[in-house]
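Hi everyone, thanks for coming. I'd like to walk you through one model today, starting with a pair of helices and then moving out to the chains.

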Amino acid sequence: MKIKKEFVQGIQGALPILIGVIPFAMISGVAAVSVGLNFWEAMGMSVIVFAGASQLVVFQLMTAGSPWIIMVLTAWVINVRFTMYSATLAPYLQKLSTWRKALLAYMLSDQAFGVSLSHFLATKEEIDHRWYYFGAALLIWVTWQVSAMAGALLGSLVPASWGFDFAFPLSFMALMFSALRDRPTVAAALTGGLTAVLAKGLPYNTGLVLATFLGIAAGYWVESLKPHQKAAQ
Amino acid sequence: MSKISLWLLFLAVGAGTFTLRFLFIYLFGKIEMPEWLRRALRFVPAAALAALVFPALTHPSGHLDLSLQNFRLLAGLGGAVVAWRTRNVLLTILIGMAILWTLEAVFGV
């Protein structure tokens with residue numbers, strides 16, 4: 001079978017972004033071991049979930065002794081952003097069997113979305129978008145798993161006295177600042193963060209879910225105050 | 001946490017995450033995401049991540065601590081500056097951890 005040129009272009013398009021993928025995936029592997037998972041559990045989670053931020057969230061909640069259902073719900077909330085990616089890429093990933101759509105969807109990541117969409121919007125000529133996305137997403141997936149594996153192997157060398165659990169909020173902080181794009185998103189973050197501090201005493205970490213909803217409401221409200229700016233986004 | 005509930009946790013998080021990834025690719029042409037939902041979803045990362053970060057800094061050992069002895073709050077503020085300027089996960093972790101270790105080594109008991 002001849003290799004599609006778009007597949008190769010997708011791989012090439014994703015190459016530069018691996019600089020960001022490798023350390024983050026390694027951190028997720030080190031983090032998994034630091035909270036007590038063994039190598040197979042760390043890799044099992046990495047393959048089954050394949051969403052770094054939500055995996056780190058689960059680890060942080062594990063160290064806090066949160067209930068199972070709160071871990072699941074919070075991880076889902078963190079991953080709700082994938083619906084936006086999925087809805088945006090959907091027109092490009094059509095005329096495929098359900099199984100192939102499922103495979104492409106499983107490999108969807110922040111980076112695969114970013115690389116593919118920016119290429120699709122910049123390319124004038126007819127290309128097979130599905131193969132480009134597949135190339136980019138597959139390279140990112142393989143790189144992620146290999147790096148996570150390296151992290152899980154290295155993780156046992158990191159002593160607990162280093163306080164590695166502090167790396168969780170630090171990584172969320174970097175991701176949070178990437179999500180701050182305008183006044184409404186800042187309002188969402190400030191409201192979510194301050195509510196979480198005030199609601200810290202609520203049982204079973206439910207303050208986290210409450211804070212997220214209030215933050216979303218605040219962002220929505222601030223945005224609706226200036227409807228004429230919506231077109232600029 | 002037992003081994004069974006650990007693997008059930010992976011499966012539950014994974015199944016939900018897959019559904020979120022798959023839903024609109026699968027449903028394309030059949031149903032579209034309503035505009036109000038698209039607008040609301042835009043705020044999820046900022047709100048949810050802030051809700052994770054703030055209490056981790058203000059409640060390092062379970063109770064509110066806004067004193068200068070709260071090294072995680074100080075290191076977190078340092079990390080916030082790095083995150084704000086660079087938006088780089090690795091750099092934020094490295095500098096934030098370095099500040100925390102320095103504070104603990106110099107002022108710790």
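So, α3(A) and α9(A) are roughly antiparallel to each other, a label used for angles over 145 degrees. Their packing angle is about 155 degrees, and the axes are 10 Å apart; axes here are lines fitted to C-alpha atoms over the stretch in contact, with angles running from 0 to 180 degrees between N-to-C directions. Helix α3 covers residues 39-49 of chain A and helix α9 residues 129-155, where helices are DSSP runs of H or I with at least four residues, numbered from the N terminus.

Who does the touching? From α3(A) we have A:F39, A:A42, A:M43, A:S46 and A:V47, and from α9(A) A:Q145, A:A148, A:M149, A:A152 and A:L153, with contact meaning backbone-placed C-beta atoms within 7 Å. That set splits into eight nonpolar, two polar and no charged residues (Ala, Val, Leu, Ile, Met, Phe, Trp, Tyr, Cys and Pro are nonpolar; Asp, Glu, Lys and Arg charged; the others, Gly among them, polar).

A quick word on conventions: this is a predicted model, so local features need pLDDT of at least 70 and side-chain atom pairs pLDDT 80 or more, while totals for chains, interfaces and linings use all residues. Residues are numbered from 1 along each chain as its sequence is written, with chains lettered from A and ligands numbered from 1 in the order written.

Finally, chain B: it is divided into domain 1 (1-32) and domain 2 (43-107), with bounds from an automatic or database domain assignment. The C-alpha centres of these two domains lie 30 Å apart.

Methods
Helices (H or I, at least four residues) and strands (E, at least two) are DSSP runs, numbered from the N terminus. Angles under 35 degrees count as roughly parallel, over 145 as roughly antiparallel, 65 to 115 as roughly perpendicular and the rest as oblique. Two residues are in contact if their C-beta atoms, placed from the backbone, lie within 7 Å.
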